[in-house]
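Please consult the sequence and the 3D structure shown here alongside the text.

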Amino acid sequence: MTETLKVINPATGEVMEEVPVTTREELDAAVARARSGFREWRRVPGLERAELFHEISRRFREHGDELAEIMTREGGKPFIENRDEVDWTAACFDYYAEIARDNVGYLPAPIEAQQLALVIREPLGVVACIVPWNYPLLLAAWKLAPALAAGNAALLKPSEETPLATRRMVELMEGLPEGAVEIVFGAGEVGEAMVRHPGVDMVAFTGSQETGRRVGAIAAERLMRSNLELGGKDPFIICDDVDVEVAARGAVWAACLNAGQVCTSAERFYVLPQIAGDFIEAAKAHAESLVIGDPMDRRTDLGPLINEPGREKVERHVESAVRSGAQLVTGGGRWGERGYFYRPTILTGVTPDMPVMRDETFGPVLPVTEVRDLDEAIELANSTPYGLGANVYTLDFEKMLKCMREIRAGTVWINDPLTDNDAAPFGGQKGSGIGRELGRDGLQAFQETKHVHIDSRIEVKEWWYPYGE
Ligand code: NAD
């Protein structure tokens, strides 16, 4: 019997479709097609690649509503957020279409005057791209666009939770040589078989720290390059010089976007004492005003969590914090009769040892700590093994500089939480990952470096044998 993935709509709990899991033989065939696709695609000139990328990006935009609807049904993220995700996905292809043409190497000074030294940036081969369910198209694009723009072929596996929009996305990438993009379906077993496959030259992985560690270890054993974008536990510092109302709205959005299931969700809040009371009051009022419900409804702010285990983890974190003495300001419970909804939740009186302040919660929860001063806020911000993103609210330039320099994170957002930029690298410090996506770094991640040394003359060099003359 064929093994299948049951794709469940997390807003209703209903099965949408069953997708056959890729078998070992099908994986081997996909890798073989990718290898031959790579040989063809790497020879396509940059301008031609760029034109095709712009066409693909145009198709994504044209099918924006369709893709966003599929994502909304399979993943539960509100339609409005998914519609944005399609546009960001398209923008990523446009960006790499152009910068890849401009980043194929450089010329170092040669050793002798009649020589030419070239540094060539080449594709690596077949790149295994493994993505999670929270931003299925965008996180695939952050790998596919630079990997393909650099001339690689891609073997893509969407999450077992959200294969449908990605399947449609790949259909819309028509025009690439056969095998340049191959899609496979399955959970960890298929993912691991991809990483171990001898026909794969690199793995680009986004997912949890635990899986990332395993993927990285397998890649290291094979001496194969890996790019690892892992989880986070992002801090959010609110200084006392800010408009508290705006900062509170920014905080609630940063914690509740995609029901808190963003790798860079703000998961720990450190507030200076002068404004702590006002901040909590404003955040409570705003959190209680959010519209929870059907993610297809354009007015919905907050959809469901991805699945029951995801919701149970959030419940465990909140309940254990309350048992250990934290106070529940608002929320702290399920919502609705069906689906995996959880109310926006604010906790105070939390301590650094609580799971809600230490481990990734991945839910709409704001645990708030009142700190003595900015030094303590930064020390606590740096106190977890994660280092993905960090947010700060202040207009005091000295405080901005201090936070910028002292917080250990791959991205520090000041007064504009969670805004990604195609042209700037994204990734984690410490346990949040190895490598970067986006920007020039995100292109080089998929390029191998070759030094070519050319001498225009054929002559005996004076430093050759015999030494005795
Ligand atoms: P996950 O680690 O469970 O799964 C991620 C992907 O890896 C899925 O496609 C899964 O099938 C696959 N996989 C599972 N086991 C594997 C194995 N042994 N070998 C190869 N592949 C395997 O993560 P998830 O629950 O899908 O996603 C949520 C996590 O992703 C969170 O920790 C979140 O912070 C993280 N995330 C990180 C970023 C980032 O850019 N840093 C972005 C989004 C999500």
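Helix 3 and helix 6 are roughly antiparallel to each other, a term used for angles over 145 degrees. The model is predicted, so local features need pLDDT of at least 70 and side-chain atom pairs count only at pLDDT 80 or more, while totals for chains, interfaces and linings use all residues. Residues are numbered from 1 along each chain as its sequence is written, and side-chain values use heavy atoms, with hydrogens and water left out.

**Helix pair**

- Helix 3 (residues 64-75) packs against helix 6 (residues 164-171) at an angle of about 155 degrees, and their axes are 8 Å apart. Helices are DSSP runs of H or I with at least four residues, and strands are E runs of at least two, numbered from the N terminus. Axes are lines fitted to C-alpha atoms over the stretch in contact, and angles run from 0 to 180 degrees between N-to-C directions.
- Helix 3 contributes E66, L67, I70, M71 and E74 to the contact, and helix 6 contributes L164, A165, R168 and M169; contact means heavy atoms within 4.5 Å.
- The residues of this contact comprise six nonpolar, no polar and three charged. Here Ala, Val, Leu, Ile, Met, Phe, Trp, Tyr, Cys and Pro count as nonpolar, Asp, Glu, Lys and Arg as charged, and the others, Gly among them, as polar.

**Annotated position E229**

- An unreviewed UniProt entry lists E229 under "active site"; such annotations may be inferred rather than shown by experiment.
- E229 belongs to strand 9 (residues 225-229). Its relative accessibility is 3%, so E229 counts as buried (under 20% relative accessible area, with a 1.4 Å probe and protein chains only).
- Beyond four places away in sequence, the residues that E229 touches include F205, T206, G207, F426 and R436.

**Q209 in helix 8**

- Q209 lies in helix 8 (residues 209-221) and counts as buried because its relative accessibility is 18%.
- A polar atom of the Q209 side chain is 2.9 Å from the backbone oxygen of G431.
- Leaving out residues up to four places away in sequence, Q209 touches L230, G231, Y386 and G431.

**T345 in strand 15**

- T345 is located in strand 15 (residues 345-348) and, at 0% relative accessibility, counts as buried.
- A polar atom of the T345 side chain lies 2.7 Å from the backbone oxygen of R343.

Note on methods: Buried < 20%, exposed > 50% of the residue type's maximum accessible area, 1.4 Å probe, protein only. Polar contact = N/O pair within 3.5 Å; in protein donor to acceptor, adjacent residues only side chain to side chain. Parallel < 35°, antiparallel > 145°, perpendicular 65-115°, else oblique.
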